[in-house]
Amino acid sequence: METIICGPLYSQGTMPPRTGDRERCVTGIDGLDTILYGGIPRDNTVLLTGSCGTGKTSLALEYLIHGAVAGENSLFISVTEDSEKLLTNIIPYKFFDRELVKSGRLVFVDLPSMYERLGMTKSELTMEEIDLLVAAIGNLVKEMGARRLVMDSITSVCYKLKTPEKIRDFILKLGKTLSDMNCTSILVSEVAAQSSAYSTFGVEEAISDGIVLMANMERRGDLLRTLQVIKMRGTMHSRAKYVLDLTPVGVLLVPLLKGGSSGT
Amino acid sequence: MTDTTKTAENIARQLKELTPGSAVSLQMSVDNYLDVMRGVIDMYAGKRDMDTIYVTATISFEAIKRVMQALDIDTSRVYFVDCISHIMMGTAAAQKDEHASLVESPTMLENIMLKVEYLIRRSGSKEKLVVIDSINSLAIHNNNWILSEFLHIMVSGLRSKEAYTIILSVEEHSTPEIANMVNLVCDQGIRAAKDAKEE
């Protein structure tokens, strides 16, 4: 349960709790776990958002791989890219072992084939089909006992939902289903490069427990990849902007230097 | 013993006194750059089986490597973070060399920190040395505010990992602002200038 601090005064020597007492899902990405004071609060549904080329898929995959290595069953639902292709394009992470996939600890599922199996062939899903899809994902999570899930990307699913009401309904139901199954989830969201919103449809961000924003920031002609935690229910967190690099030892983060910048 | 060897030995001797996590300002003259290299890389890091991460913002890693090889310095444990080749469009060699990482521009100070962090994580050696060559070259491309912030964050991070940091500065090109900036983050200063006297 989250610790709520409601009094303004703390007696001398008593520091306000920084992390609450929620169990943490350690992402394994050192910098991110530090930003989040130990990891994502368990069972949260987090929106990982950003424009193309900002490293969303790499970060989400690393989160799953670390989970699988630590013995947690992890599920990647690919919406736009074929999983095999995804695996061949993945950064050669030193900690990634194909055995994790073979043993079923790390499972990749292509959503288009799931649509096909469920007979969802039309371009727009109905409310009943949304329920069916959420139930199918829930069953998959239950069957494999997944503690971590990534859906890449939620935006592509939202294109099949069309209306804000359906998107809201889908994300709320999906979030609740996953949370009830003790699954900590990352929903990858795509936004346009110049967008100031955190999601394409403006609905996804409002109903997620957390928002992690990844961006390309231009400074004096240099393009830096940045990461910023905008919101995370159940924990205190840094709201500063960090610069990241995708390396074979995983995502590395350092603080964005501010001296001399124009404040962008 | 020649003056050159004496200078190199003197530098190495002073470095050997350092405790883990120390940061040192090494002020040199253009004329004794080679002595500094011999003293730091060969007589200090080489003798202690340390991995050296050499951040070069002055000349390309290829040129430095050639100089080291000409001085018979073992480069097998030297890893370069090259901030200059990319802007000179000379990246071919660095792309093939496993000991070189490129940073697109010396203005991308965060990326320098990230490459150093990566090499430190990859390094198997117990002790690690990070050499920044040089603060004057970085000052050409960055203003003092951001450079000062960079040094503070970088050196603090390296201290927490117990890595040694050596910040090279060229006496002829230095300014009081640069000297202050370096002194603020360093525990010790070594002067290897032309007229430096043996202590």
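Strand β5 of chain B, residues 128-133, is mostly covered, with 6 of its 6 residues buried. Here "buried" means that 20 or more other C-beta atoms, placed from the backbone, lie within 10 Å of the residue's own C-beta; exposed means 12 or fewer, and partly exposed is in between. Strands are DSSP runs of E with at least two residues, helices are runs of H or I with at least four, and both are numbered from the N terminus.

Before going on, keep in mind that this is a predicted model: local features need pLDDT of at least 70, side-chain atom pairs count only at pLDDT 80 or more, and totals for chains, interfaces and linings use all residues. Residues are numbered from 1 along each chain as its sequence is written, while chains are lettered from A and ligands numbered from 1 in the order in which they are written.

Back to our strand: which residues sit on each face of β5(B)? One side carries Lys128(B), Val130(B) and Ile132(B), the other has Leu129(B), Val131(B) and Asp133(B), and all of them are buried.

Now for the neighbours. Strands count as paired if DSSP finds at least two bridges between them. Strand β2 of chain B (residues 51-56) runs parallel to β5(B), joined to it by 6 bridges. There, Thr56(B) has Asp133(B) as its bridge partner. β5(B) also pairs with strand β6 of chain B (residues 164-170), again in the parallel sense, over 4 bridges. In that pairing, Ile132(B) stands opposite Ile167(B).
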